[in-house]
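Trainee: I would like to learn how to read local features from a set of coordinates. Please take them one at a time, with the rule before the case.

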Amino acid sequence: MHNVRHVTVIINPASSNGNGRKEWLRLQPHFEETFSGKHIQVIETESREHTTELGLTTDTELIISFSGDGAISDIAQGLMLRPYDQRPPLAVVPLGSGNDFAKALGVPMNPWLAISRLPRGQRSRIDIGRVNDRYFLNTLSFGVDALIADRTHELRKSTRRRGFMLYAQAAVSSIVKDMKAHSYRMTVDGNYLERDLLICAIQNGPYYGGGFRVAPQALLDDGLLNICMAGETSTPVALYSLTRIARGTHESLKVVDTDKASRITLDFTSPIAAQCDGEKITGFRTEEGSWHFDIELIPHALEVVSMR
């Protein structure tokens, strides 16, 4: 990190419940002192498309995103459109509601402390997931999992709250109101499965929902995606399983199946809720009438600054 001369700060003003610009102004003196002697460029995002464009075109030696998981993922979309050897490293100062990717990198949740530790951070390469035509850094989920993510977003806008407890509230509401299994066909590194699915989380990192440890064994650089699935069950069992997922102790439950793979396909016979790093996605409609998701892991695709 000491040989970096040019740093680009990308600020998402919508982060921190719309206080991203205010948070940056509060942190700016500390950041400039920490990175004294560096050329610092500061850019504020205007839209998701603009954020992706910044990842694609910004000429810099290091990108530091002051944002949450959504904007970081949008930056990564642009970075992945560059040739492999022209992708600048990506660092994170967490200002989002969940900050699950920052947690996976070992970044402190206190932005002030995160800035202080950045110069001592370690540069390493992590894997990136891809579903159809979109990349994901951390999480891809279907069914009730995806509905929970969508309801979390709605609650965040209406309550201005964020974090673990907001996701827990959305999860309980979705399980009670919207618990519905979907018929699917799946291949996991070529092995075929067919059954009904209630939830399915495909993880590059261990966390989703602001700290729920849905894939406690997941590593960002092990060349594998971690899969957590559950079929149809009763509401009480689903709610109990949620408490176990929060602690990362759910993998021994009979209702839960786990696996690891580098290539996965999913076909659903009816439309299903799906999300990728917190953003809604839809599958491709096949000639047979199913909704198709083609998922793969791209090993060591992106350089990041970690603090583990």
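Mentor: Start with accessibility: buried means under 20% relative accessible area, exposed means over 50%, and partly exposed is in between, with a 1.4 Å probe and protein chains only. At 39% relative accessibility, histidine 300 therefore counts as partly exposed. This is a predicted model, in which local features need pLDDT of at least 70 and side-chain atom pairs count only at pLDDT 80 or more, while totals for chains, interfaces and linings use all residues. Residues are numbered from 1 along each chain as its sequence is written, and side-chain values use heavy atoms, leaving out hydrogens and water.

Trainee: How many disulfides does the structure hold?

Mentor: A disulfide is a covalent bond between the sulfur atoms of two cysteines. The criterion is a pair of cysteine sulfur atoms within 2.5 Å. The structure holds zero disulfides. For cysteine 200, the closest cysteine sulfur is that of cysteine 228, and the 8.2 Å separation is too far for a bond. Cysteine 200 is buried, at 0% relative accessibility, and cysteine 228 is buried at 3%.

Trainee: How many aromatic pairs are there?

Mentor: A pair of aromatic rings is described by the distance of the centres and the angle of the planes. Rings of Phe, Tyr and Trp (its six-membered ring) pair if their centres lie within 6.5 Å; planes under 30 degrees apart are stacked, over 60 edge-to-face, and the rest tilted. The count by this rule is eight aromatic pairs. One of them joins tryptophan 24 and phenylalanine 66, edge-to-face, at 5.0 Å centre to centre with 80° between the planes. This pair links distant parts of the chain, 42 residues apart: tryptophan 24 is in helix α2 (residues 20–34) and phenylalanine 66 in strand β3 (residues 62–67). Tryptophan 24 is buried at 4% relative accessibility, as is phenylalanine 66 at 0%. The rings of phenylalanine 31 and phenylalanine 35 are stacked, because their centres are 4.6 Å apart and their planes are at 20°. Ring pairs link Trp24, Phe31, Phe35 and Phe66 into a cluster.

Trainee: Why does the span of helix α9 agree with its number of residues?

Mentor: The expected span is 1.5 Å times one less than the number of residues. Helix α9 (residues 235–247) has 13 residues and should span 18 Å; the end C-alpha atoms are 19 Å apart, which agrees. In α9, Ala238, Ser241, Leu242, Arg244 and Ile245 are buried. They cover an arc of only 170° around the axis, so they lie on the same side of α9; the arc is that of the directions from the helix axis to the C-beta atoms. After α9 comes glycine 248, with a positive phi near 80°.

Terms used:
Helix = DSSP H or I, 4+ residues; strand = E, 2+ residues; numbered from the N terminus.
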